[in-house]
Amino acid sequence: MKPKIPIVRVLFILPVIVSFLCAQGTYFGRNKVQYTDFDWHILKTEHFDIYYYPEMKDIAEKGAKFAEDDYQLLQTKFNHTINRRIPLIFYSSHLHFQQTNITPGFIPEGVGGFFEFLKGRVVIPSNGSMNAFKKVIRHELVHVFMHSKISRVYKNHGRINGALPPLWFTEGLAEYWSTEWDAQADMVLKDAVLKNYMVSLESIWRIQGTFIMYKVGQHILTYIAKNYGEDKILLIMENLWKSSRFSDVFYETIGLTYKEFDEQYIYNLKKYYYPKLAHNDFSSKVTETLVRDGYNFKPTYYEHEGKKYVLFVANRTGYSSVYIRELKALRVGQPDDAEILIKGEKTSDFEAFHPFSSRIDVNSDGILTFATKSGETDALYLYDVSKREVIDKYYFKDLVGILSPAWSPDGKRIVFSGLGVSGYKDIYLFDTETEDLQKLTHDFYDDVDPSWSPDGNFITFSSDRTQFGNQWHYNIFIQNVNSGEISYITYGPHRDNAPSFSPDGKYISYTSDKDTTLNIYLAEIDENRRPVRYFQLTEFANAAFDPAWTADNGLLFGVFEGGRFLIRH
């Protein structure tokens with residue numbers, strides 16, 4: 001259950017939801033460490049050769065349907081047909097995806113897929129969410145169609161090449177035609193405008209390749225479609241042969257120079273976002289900052305010998321690690337004195353902490369539980385905070401990913417979201433004394449962020465097992481651990497995430513985009529564990545997420561403000 005695994009060095013980047021490799025000219029390589037011997041099968045559809053392994057056959061068949069539907073849609077949008085079969089390589093998890101030899105380079109945590117255009121191959125992991133899988137398939141197929149379309153435009157006009165579309169256009173269009181504008185996208189754009197670091201088209205090179213660039217590109221193309229007509233987007237591609245400079249093609253098509261467009265576009269952004277400050281404050285103005293430096297995520301509360309602490313996952317040195325800091329407010333100008341508790345990405349034990357998707361938790365005995373990539377799969381760790389040492393490490397057969405482990409109130413059981421080789425996520429219950437593993441949910445829904453009720457009889461979690469799930473919405477659910485019964489806590493067309501019971505069991509905190517901005521809400525729970533009232537606890541101008549309770553019913557939470565991820569109280 002605790003085998004030794006070879007060391008693999010892992011790097012860290014800011015969250016980039018989907019591929020950037022399509023812009024880098026990747027090629028086939030043979031020098032990457034591979035732990036898994038994949039038994040590749042081929043599923044042939046009308047337009048695709050889909051490569052998959054038997055354990056994920058169900059997801060591969062769903063992906064085939066998504067791809068064929070997207071082909072028909074994009075064929076119309078691009079007014080273009082691809083006269084070749086398109087190879088799609090599917091993986092059931094990001095950890096398997098990182099082993100691909102289609103590109104020899106390391107694939108960071110936030111990359112959701114890529115198009116390798118020299119041989120026309122598309123590589124995509126599932127990772128548990130059908131909505132995300134569907135979205136990334138379309139995103140990458142936009143790249144496939146765009147590459148083919150532009151090649152055809154050059155050929156039709158007797159050109160070897162012309163203006164190359166910049167990354168903001170290629171990735172922006174892939175986002176625009178694959179997903180709706182959402183609270184996460186709004187989070188970065190609104191922050192950039194209100195904190196006065198919004199870049200113009202003339203200076204967009206400053207955010208080249210970042211998640212912000214993806215979303216700025218998506219929003220610019222949305223703006224162009226709304227104000228000038230979506231046909232202009234296609235016309236930009238059809239005019240690329242006319243010049244070697246994309247800015248000239250932009251002017252030819254839209255009728256505005258970059259400078260003229262920037263003046264109009266940014267003025268409209270200010271008109272839209274500035275009025276929001278009349279009713280909403282930045283979290284920095286009304287809360288206490290606990291952690292400031294670097295990029296900080298997933299806070300949890302810890303108390304030892306009369307002192308209170310916050311533990312969290314962060315990147316401050318180029319590597320993701322677990323940190324600890326005494327729970328006290330940072331004054332303006334005061335150094336952030338957080339201490340590294342567990343150094344990540346330095347050894348084969350702690351290769352990747354999944355800072356964007358996996359919470360950590362500590363019990364009353366000071367034992368921290370967390371999950372990290374360790375070799376072929378994730379491992380579940382138990383770590384004594386006061387002694388600063390690992391006391392146990394667990395692997396589980398047929399589980400590739402382990403996310404957001406949480407202690408039961410008695411400190412003996414751990415609940416977590418587990419990603420199987422099949423590519424589906426379910427909730428699991430692990431008994432640390434008997435080492436028995438129990439599967440609490442067993443279906444194709446994306447079940448994430450579980451946590452316990454104070455009496456240890458219920459678990460609350462976020463899931464797309466809702467009427468609105470196929471629209472990428474999540475609600476909060478509660479499950480009776482003894483009977484297995486599952487019922488709603490929240491219901492509606494919004495994304496509700498990261499639920500957590502208050503210490504007295506009267507409330508469940510969670511994050512929701514109900515008001516279009518990610519804020520923290522409370523659901524009041526009666527003695528039968530049914531919701532009776534709802535409260536919006538925060539009304540920040542910036543995003544807040546991952547609320548975690550303190551012993552005195554206070555809340556720690558993460559925020560995105562000023563282009564940084566911080567932790568506040």
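Trainee: Which residue forms a salt bridge with D446?

Mentor: Before I answer, note that this is a predicted model, in which local features need pLDDT of at least 70, side-chain atom pairs count only at pLDDT 80 or more, and totals for chains, interfaces and linings use all residues. Residues are numbered from 1 along each chain as its sequence is written, and side-chain values use heavy atoms, with hydrogens and water left out. A salt bridge is a side-chain nitrogen of Lys or Arg within 4 Å of a carboxyl oxygen of Asp or Glu. The closest N and O atoms of this pair are 3.1 Å apart, and the partner of D446 is K425.

Trainee: How many residues apart are D446 and K425?

Mentor: D446 lies in the loop between β18 (437-439) and β19 (447-452), whereas K425 belongs to strand β17 (residues 425-431); strands here are DSSP runs (E, at least two residues), helices are runs of H or I with at least four, and both are numbered from the N terminus. The pair thus links distant parts of the chain, and the separation is 21 residues.

Trainee: Why does R388 count as partly exposed?

Mentor: R388 forms a salt bridge with E339, the closest N and O atoms being 3.3 Å apart. R388 sits in the loop between β13 (377-384) and β14 (389-394), and E339 in strand β10 (residues 339-342). E339 is partly exposed, with a relative accessible area of 39%, and R388 is partly exposed because its value is 36%.

Trainee: How many salt bridges does a search of the whole structure find?

Mentor: Some of these bridges join into a network, which links R316, R325, D336 and D337. The search of the whole structure gives a total of 31.

Trainee: Which backbone oxygen does the side chain of T432 reach?

Mentor: T432 is placed in the loop between β17 and β18, and this residue counts as buried because its relative accessibility is 18%. The side chain of T432 comes to 2.6 Å from the oxygen in question, which belongs to K412.

Trainee: What is the phi of K298, which is not a glycine?

Mentor: K298 is found in strand β7 (residues 295-304), and K298 counts as buried at 7% relative accessibility. Its phi is positive, at about 55°.

Trainee: And what is the phi of D546, which is not a glycine either?

Mentor: D546 has its place in strand β27 (residues 543-549), where D546 counts as buried at 10% relative accessibility. The phi of D546 is positive, at about 50°.

Notes. Buried < 20%, exposed > 50% of the residue type's maximum accessible area, 1.4 Å probe, protein only. Polar contact = N/O pair within 3.5 Å; in protein donor to acceptor, adjacent residues only side chain to side chain.
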